[in-house]
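These are my notebook entries on a single protein chain.

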Amino acid sequence: MKTTLLCIILFITVSCSKSDDDNVATPTPITPVVIIKGLDGIDFNTLTSYFNSFTNANDWATFASTYVANLNINPNIDFSKFDVVVCVDSLRTQGGYDIAINSIIENEQNIVVTVQNVVNGNASLIPTRPFIIAEIPKTNKPIAIHWNPPTTNK
């Protein structure tokens, strides 16, 4: 009887020793493929920054024909393999601004796109609206944006 009880206790101890932390997914970096990046050319009526992700050809075509029709963008994106992320900075009354995707990280619950505002220091009197449009691998997870504060790149 003691041997059976000892075996049961040993079995429970060994089988319960695995931590829940072992089941937590490690954040995975995603490398975007930049479709286009620029300082002007997006026709928005708003002055604020803008972020969106597109998961199908119809929504992308509507956006592209409305806001980026004047840019040379390949409209034939394979939405069975890719999603598209669009990051647009707020309207700047002068030049010298840019944005960049610092990282795209896939977590267990979502994908986080981190965008960096950059001040280049070469200000002109021409208004700019920095933007970047990129493809990422297809996902069913929600895509979130994190804007980093501006850095100076002189």
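I noted the basis of the entries: the model is predicted, local features need pLDDT of at least 70, side-chain atom pairs count only at pLDDT 80 or more, and totals for chains, interfaces and linings use all residues. Residues are numbered from 1 along each chain as its sequence is written, and side-chain values use heavy atoms, with hydrogens and water left out.

Entry on surface and contacts. I took accessible areas from the Shrake-Rupley method with a 1.4 Å probe, where for residues only the protein chains shown count as cover. The protein chain exposes about 9700 Å², of which carbon and sulfur atoms supply 56%. With contact defined as heavy atoms within 4.5 Å, I found that residues 24 or more positions apart account for 84% of the contacts with a separation of 6 or more.

Entry on elements. I used DSSP runs numbered from the N terminus, namely helices (H or I, at least four residues) and strands (E, at least two). The protein chain has two helices and eight strands, in the order α-β-β-β-α-β-β-β-β-β from the N terminus.

Two strands pair if DSSP finds at least two bridges between them. Strands β5 (residues 97-106) and β6 (residues 111-119) run antiparallel and are joined by nine bridges; Glu 106 has Ile 111 in β6 as its bridge partner.

Entry on the antiparallel sheet. I read the order β2-β7-β4-β3 for an open sheet of four strands with antiparallel pairing. Here β2 (33-38) and β3 (50-54) are the edge strands, each pairing on one side only. Five bridges join β2 to β7 (residues 131-137), and Ile 36 stands opposite Ile 133 in β7. Helix α2 (residues 57-67) packs on the sheet and touches β3, β4 (82-88) and β7. The direction of α2 makes about 145° with that of β3, where axes are lines fitted to C-alpha atoms, for helices over the stretch in contact, and angles run from 0 to 180 degrees between N-to-C directions.

Entry on Asp 83. I located Asp 83 in strand β4. Is Asp 83 buried or exposed? Asp 83 counts as buried because its relative accessibility is 0%. Residues that Asp 83 touches, not counting those up to four places away in sequence, include Phe 54, Ala 134 and Thr 139.

How values were computed. Buried < 20%, exposed > 50% of the residue type's maximum accessible area, 1.4 Å probe, protein only.
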